[in-house]
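Reader: I am new to this structure. Please pick one residue and take a close look at it. Then show me what lies around it.

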Amino acid sequence: MAQDYKTVWANCLEIIKDNLGKDNEKIFKIWFEPIVPVQLEDSVLTIQVPSLFFYEWLEEHFIDLLKRTIRLQLGPNGMLKYSIVMDQSISGNPIVTNIPSTGKQHTQNSPKDIPININSENASEYPNPFVIPGIKKVRINSQLSDKKTFENFVEGDCNRLARAAGYAVAENPGTTAFNPLLLHSSVGLGKTHLANAIGLKTKELHPDKTVLYVSSEQFAQQYAEAGKNKTINDFIHFYEMIDVLIVDDIQFWENKFTGTQDAFFHIFNYLHQHNCQIIITSDKAPSEMRDLNPRLLSRMKWGLAADLQIPDVETRIKILQQKLSNDGIEMPYDVIEYIAYNINTNVRELEGALVSLIAQSSLNKKQITLDLAKQMIDKFVKNTSREITIEYIQKVVCDYFNLPIESIQSRTRKREIVQARQLTMYFAKKMTKSSLAIIGWQCGNKDHATVLHACKTIANLSETDKQFHYWVEDLEKKFKE
Ligand code: ADP
Ligand code: MG
């Protein structure tokens, strides 16, 4: 019996909703409601999603659920195809999004065992993500996480000034003396969290303001794409329409990305002149960012530079308690204290230690006791003293195979280099927080689908091929050295 695509998708939605459960209604709303079914042909259901990012997210987080659901509806040969079409604005023009566009054709199919691929014919439907001639106000996704709020940002001596300045900026964006607001500290001390919280609070207090969070990497990538597509003016124009612009981790631009820095300088001046708020984070103090464009650096001094310090032990205890109470988990006070006293590097590691301990206890069905905490923390402290970057991963992999590091960036298809590149992508996905698009970009300007494919290939090979299994394990050890 021929089924029609709308009914099939409606049935799928029922199953998905049911599987996600009542607690995840928001997830359902965000990730499934915007999907539009477009066709059903030979057990292949095509669904339209609004962006590349959206597709990437679905594939990463919901692939199993989608696979099961489609097979339930269409039988064992059921397949899903994506058509990626950006939203339309009221004027009928493609709406602006700040998703880094790879701008490339996605001809790459996912591995065979996963019945999902991108509909390559639709590559031409990617609009330029920056153009919206004639539109003054933009509705964009601010790219903020709703988890990183002021409410759950624990205050202590270590962050009081930065927090208060951030709050003042959210109350009166663009009109305090704190413009730009530069938040700086070493890694894992809450810059991203606080910048995100400022963005959320601004939106709450000023719903008419356009707020955008962007990492400096994404910004540089978008700039590079715009250069390639000859749309730099559109790119700049897009950013000039933002009321509150948050750029995270600008130390990433040091020493390179001169064009990006110039473009940002231009945008910065425009926004500043128009009383729009700029919030910047960096893991260095302005005085240490010697390799940033001096014109840009001088602009940083116009506003306020506020630093975040390592929290003292009382604040560390409060942070742990807050995290536990958010997750509804109880833990003896002496264990909390033990963690707080022993992990004094940064908040990210503090949280990491807590999560590992909880995981250990539930996996091994052991009670969380001081002894268990002691065993685990000792191991933890040894293992996690370094922040791993994509560049570091490239270096370790290339050293391991005795290849020059530039080979990862090259276009060659030599087997050993392709393998090294794929391994780099696999570990970058596993060990950093970078998106697939960013990883691809840093590994020879590949697109996100290539990265996804690489990750799956390596995962498969390390299960089926002894040599690969050994390499993956051995490299994993190297990263921990
Ligand atoms: P950074 O950007 O400085 O590297 P993040 O903002 O990513 O650091 O913070 C690392 C982790 O620590 C995040 O999960 C963040 O939510 C948490 N964190 C940092 N500072 C605080 C704080 N004061 N209260 C609660 N959580 C915090
Ligand atoms: Mg950060």
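**One residue, then its setting**

Author: Leu-320 counts as buried, because its relative accessibility is 2% (buried means under 20% relative accessible area, exposed over 50%, partly exposed in between, with a 1.4 Å probe and protein chains only). This is a predicted model, so local features need pLDDT of at least 70 and side-chain atom pairs count only at pLDDT 80 or more, while totals for chains, interfaces and linings use all residues. Residues are numbered from 1 along each chain as its sequence is written, chains are lettered from A and ligands numbered from 1 in the order in which they are written, and side-chain values use heavy atoms, with hydrogens and water left out.

Leu-320 sits in helix 11, residues 313-327. Helices (H or I, at least four residues) and strands (E, at least two) are DSSP runs, numbered from the N terminus. Set aside residues up to four places away in sequence. Leu-320 then touches Ile-336, Ile-339, Ala-340, Leu-350 and Leu-354; contact means heavy atoms within 4.5 Å. Val-154 is 166 residues from Leu-320 in sequence. In space, their C-alpha atoms are 9.8 Å apart.

One of its polar backbone atoms is 2.8 Å from a nitrogen atom of ligand 1. That is a polar contact: a pair of N or O atoms within 3.5 Å; within protein, one must be able to donate a hydrogen and the other to accept it, and residues adjacent in sequence count only if both atoms are side-chain atoms. A polar backbone atom of Leu-189 lies 3.2 Å from an oxygen atom of ligand 1. His-193 uses a polar side-chain atom, 2.6 Å from an oxygen atom of the ligand. Alone, ligand 1 exposes 560 Å², and the protein buries 91% of that (areas come from the Shrake-Rupley method with a 1.4 Å probe; for residues, only the protein chains shown count as cover).

In total, 16 residues surround ligand 1, each with a heavy atom within 4 Å of it. The closest are Gly-188, Lys-191, Thr-192, His-193 and Glu-351. Helix 6 (191-205) and helix 13 (347-363) each supply at least two residues of this shell.

Now compare a polar side chain. Gln-261 is in helix 9, residues 258-273. Gln-261 is buried because its relative accessible area is 2%. A polar atom of its side chain lies 3.0 Å from the backbone oxygen of Lys-256. The side chain of Gln-261 also reaches the backbone nitrogen of Asn-293, at 2.7 Å.

Next come the nonpolar cores. Such a core is a set of buried Ala, Val, Leu, Ile, Met, Phe, Trp, Tyr and Cys residues joined through side-chain atoms within 4.5 Å. The largest has 52 residues, and Trp-9, Phe-32, Leu-58 and Leu-66 have the most contacts inside it. Helix 16 (residues 415-431) gives the most to this core: 7 residues. Domain 1 (5-112) and domain 4 (390-480) both give residues, so the core lies between them; the domain bounds come from an automatic or database assignment. A second, separate core has 46 residues, among them Leu-144, Leu-189, Met-331 and Leu-357.

Last, the whole chain. It has 19 helices and 9 strands. Of its 481 residues, 52% count as buried. Take contacts between residues at least 6 apart in sequence: 76% join residues at least 24 apart.
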